[in-house]
Amino acid sequence: MENNYSVAISCRSDLGYIEYDASAKSVNIVLANEVAKQNVEEFLNTSLTLQIPHETLHDFTTITINPLDNLDTLQLALTRLWETTGVHVDWSRPVDYVKNGIRSLKDL
């Protein structure tokens with residue numbers, strides 16, 4: 001479990017989460033909206049060319065990353081998730097709250 005990272009996501013009224021397994025370099029995406037889930041999977045499994053601030057906010061460097069290579073590249077890719085897929089990363093929402101809520105709904 002120490003190699004795992006989770007973050008809450010949402011698409012419209014659907015809550016979900018992304019779990020990253022660093023040792024396997026893979027993600028598990030839990031989201032009821034199947035189209036949005038597929039868009040996130042495609043986004044995270046594609047190399048991305050990004051502009052990131054270098055020395056100042058007016059000085060950018062172009063980099064290419066593979067989002068699943070490590071936790072840093074995953075988190076960087078997640079900052080761009082919304083603009084490409086319409087899926088919002090809920091950085092401040094406790095992911096355990098979301099996971100427990102989804103498990104409770106499955107038990108109904």
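Biologist: What should I know before I look?

Modeller: This is a predicted model, in which local features need pLDDT of at least 70, side-chain atom pairs count only at pLDDT 80 or more, and totals for chains, interfaces and linings use all residues. Residues are numbered from 1 along each chain as its sequence is written, and side-chain values use heavy atoms, with hydrogens and water left out.

Biologist: How many helices and strands does the chain have?

Modeller: The chain has 4 helices and 6 strands. Helices (H or I, at least four residues) and strands (E, at least two) are DSSP runs, numbered from the N terminus. Along the sequence the pattern reads β-β-β-α-β-β-α-α-β-α.

Biologist: What does the C-alpha trace span?

Modeller: About 50 × 30 × 25 Å along its principal axes.

Biologist: Which strands form the open sheet, and in what order?

Modeller: The open sheet has 4 strands in the order β3-β2-β1-β6, with antiparallel pairing. Two strands pair if DSSP finds at least two bridges between them. At the edges are β3 (26-30) and β6 (88-90), each pairing on one side only. From one strand to the next the twist averages 30°; axes are lines fitted to C-alpha atoms, for helices over the stretch in contact, and angles run from 0 to 180 degrees between N-to-C directions.

Biologist: Which helices pack on the sheet?

Modeller: Helix α1 (residues 34-44) does, touching β1 (4-11), β2 and β3, and its direction makes about 165° with that of β3. Helix α2 (residues 71-78) packs on the sheet as well, touching β1, β2, β3 and β6, at about 10° to the direction of β1.

Biologist: Back to β2 and β3. Over how many bridges do they pair?

Modeller: β2 (residues 14-21) and β3 pair over 5 bridges, in the antiparallel sense. Ile18 has Ile29 in β3 as its bridge partner.

Biologist: And what do β4 and β5 do?

Modeller: β4 and β5 form a hairpin with 6 residues between them. Their pairing is antiparallel, over 6 bridges, and Ile52 stands opposite Thr61 in β5.

Biologist: Now α1. Which of its residues are buried?

Modeller: Ala36, Val40, Phe43 and Leu44 are buried in α1. Seen down the axis of α1, the buried residues fall within an arc of 90°, so they line one face of the helix. The arc is that of the directions from the helix axis to the C-beta atoms. Buried means under 20% relative accessible area, exposed over 50%, and partly exposed in between (1.4 Å probe, protein chains only).

Biologist: What covers those buried residues, and what is on the face turned away?

Modeller: The cover includes β1, β2, β3, β4 (48-53), α2 and α3 (81-85). The face turned away from the buried side carries the exposed residues Glu34 and Val35.

Biologist: What happens at the start of α1?

Modeller: A side-chain oxygen of Asn33 comes within 3.2 Å of the backbone nitrogen of Val35. The Asn33 side chain also reaches the backbone nitrogen of Ala36, at 2.9 Å. Asn33 lies in the loop between β3 and α1 and is buried, with a relative accessible area of 18%.

Biologist: What is Leu68 in contact with?

Modeller: Leaving aside neighbours within four places in sequence, the contacts of Leu68 (heavy atoms within 4.5 Å) include Tyr20, Val27, Leu44 and Leu74.

Biologist: How many salt bridges does a search of the whole structure find?

Modeller: The search finds 2. A salt bridge is a side-chain nitrogen of Lys or Arg within 4 Å of a carboxyl oxygen of Asp or Glu. Glu19 forms one with Lys99, the closest N and O atoms being 2.9 Å apart. That pair links distant parts of the chain, with Glu19 in strand β2 and Lys99 in helix α4 (residues 95-107), 80 residues apart. Glu19 is partly exposed at 27% relative accessibility, whereas Lys99 is buried at 10%.

Biologist: And Arg93, which residue does it meet?

Modeller: Arg93 meets Asp90 in a salt bridge, at 3.2 Å from N to O. Arg93 is partly exposed at 33% relative accessibility, and Asp90 is buried at 8%.

Biologist: What share of the whole chain is buried?

Modeller: Buried residues make up 34% of the 108 residues.

Key:
A polar contact is a pair of N or O atoms within 3.5 Å; within protein, one must be able to donate a hydrogen and the other to accept it, and residues adjacent in sequence count only if both atoms are side-chain atoms.
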